[in-house]
Amino acid sequence: MLSIITNLVMEYVEVEEKDLTEETNPVRDLHLNSYDFISIIGRLESELGIDINERELKNLETLGELDAYIKSKMIH
Amino acid sequence: MIYLLRLLEKEKRSFEELKGLKKKLISYGLQREYGLSPEEIEASFSGALYLKKYPEIHLSTTGTKGLLGVALSPCPVGLDAEHRRPGDSFVEKKILGEKEAFWYRKAQDKDEALLKYFTLKEAYGKALGTGLSYDFRNTGFYFDEKGIKSDLKEAEFYFLDFCEEFIISLCFLDRRGKLSSEETVKFILP
């Protein structure tokens with residue numbers, strides 16, 4: 001799942017795959033802005049067939065945390 | 001008042017550098033409007049800047065490719081800027097309510113319209129203090145050459161006519177009596 005997220009992120013910011021880890025903070029480390037973040041969330045919803053509530057993402061800091069959140073959505 | 005800083009360098013800046021520049025903008029505004037020193041600015045763990053000792057001074061910051069902005073105000077304020085870019089169908093689906101989607105489909109410049117909807121909603125979220133963690137599809141906006149209308153009675157919205165490259169939205173909550181209409185959208189480039 002993390003690879004799906006990192007591949008998407010690489011379409012929005014200039015970064016190499018080796019630099020994206022579970023600890024990467026998309027805002028602090030990649031300068032990903034909220035417009036791009038919403039676009040990525042929309043694409044994840046579309047590609048994975050899940051609904052993501054932005055309010056639940058408020059406290060997520062890293063790609064690893066986003067990965068865990070999405071996995072939990074796919075189980076339910 | 002709104003303070004904008006145009007970044008012309010092509011060199012990529014680090015998060016800390018950008019935060020430092022925002023801090024300088026805030027310092028400039030604090031000194032200019034309130035006579036306060038930069039030491040009053042504090043940063044949260046997530047990097048957000050705020051004025052702990054002066055809850056009566058409201059602060060909002062924004063950053064997009066090529067521009068940094070800061071708003072200082074006596075009432076809750078939200079400032080959001082985005083550089084122009086092509087529309088994004090995923091953003092469209094995520095942020096637009098039913099009526100907005102209707103007006104959006106009729107817009108002559110859809111790329112610009114989407115950025116306007118987005119920055120209005122983000123500016124409102126910043127003024128609320130929630131960012132985009134609110135039900136932004138349920139906030140209805142309509143805008144044309146006469147101005148911006150919304151179903152958020154306590155909020156006032158403006159587009160800042162700064163330069164063609166950026167769409168910038170500003171939101172004030174509970175502005176009456178705290179900020180004159182002359183001061184509302186005044187901006188300055190330090």
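Is Phe102(B) buried or exposed, judged by its C-beta neighbours inside 10 Å?

1. Phe102(B) counts as exposed, because it has 11 C-beta neighbours inside 10 Å. The terms rest on C-beta atoms placed from the backbone: a residue is buried with 20 or more others within 10 Å of its own, exposed with 12 or fewer, and partly exposed in between. Phe102(B) belongs to helix α3 (residues 98-106) of chain B. Between Phe102(B) and Gly69(B) there are 31 Å in space, C-alpha to C-alpha, and 33 residues in sequence.

2. The model is predicted: local features need pLDDT of at least 70 and side-chain atom pairs pLDDT 80 or more, whereas totals for chains, interfaces and linings use all residues. Residues are numbered from 1 along each chain as its sequence is written, and chains are lettered from A and ligands numbered from 1 in the order in which they are written. Helices (H or I, at least four residues) and strands (E, at least two) are DSSP runs, numbered from the N terminus.

3. Where chains A and B meet, 14 residues of chain A are in contact with 14 residues of chain B; contact requires C-beta atoms, placed from the backbone, within 7 Å. On the chain A side, the elements that give two or more residues are α2 (34-48) and α3 (54-57) of chain A. Helix α2(A) supplies the largest share, eight residues. By type, this side of chain A divides into three nonpolar, six polar and five charged residues. Here Ala, Val, Leu, Ile, Met, Phe, Trp, Tyr, Cys and Pro count as nonpolar, Asp, Glu, Lys and Arg as charged, and the others, Gly among them, as polar.

4. His31(A) lies in the loop between α1 (2-12) and α2 of chain A. Its phi is positive, about 60°, although His31(A) is not a glycine. His31(A) is classed as partly exposed because 19 other C-beta atoms lie within 10 Å.

5. Helix α1 (residues 15-34) of chain B has 20 residues and reaches 27 Å from its first C-alpha to its last, close to the expected 28 Å; the expected span is 1.5 Å times one less than the number of residues. Its buried residues are Lys22(B), Leu25(B), Ile26(B), Gly29(B) and Leu30(B). Seen down the axis of α1(B), these fall within an arc of 135°, so they line one face of the helix; the arc is that of the directions from the helix axis to the C-beta atoms. Their cover includes β1 (2-6), β3 (49-50), β4 (58-64) and β5 (67-73) of chain B. The face turned away from the buried side carries the exposed residues Glu16(B), Glu17(B), Gly20(B) and Gln31(B). After α1(B) comes Gly35(B), with a positive phi near 70°.

6. Chain B also holds an open sheet of three strands in the order β6-β10-β9, with antiparallel pairing; strands pair if DSSP finds at least two bridges between them. Strands β6 (77-83) and β9 (155-159) of chain B are the edges, each pairing on one side only. The twist averages 15° from one strand to the next. Helix α4 (residues 110-128) of chain B packs on the sheet, touching β6, β9 and β10 of chain B, and its direction makes about 150° with that of β6(B). Axes are lines fitted to C-alpha atoms, for helices over the stretch in contact, and angles run from 0 to 180 degrees between N-to-C directions.

7. Five bridges join β9(B) to the antiparallel strand β10 (residues 166-173) of chain B. One pairing sets Phe159(B) against Ser169(B) in β10(B). Glu156(B), in strand β9 of chain B, is buried, because 21 other C-beta atoms lie within 10 Å. Leaving aside residues up to four places away in sequence, Glu156(B) touches Phe172(B) and Arg175(B).

Technical notes:
Contact = placed C-beta atoms within 7 Å.
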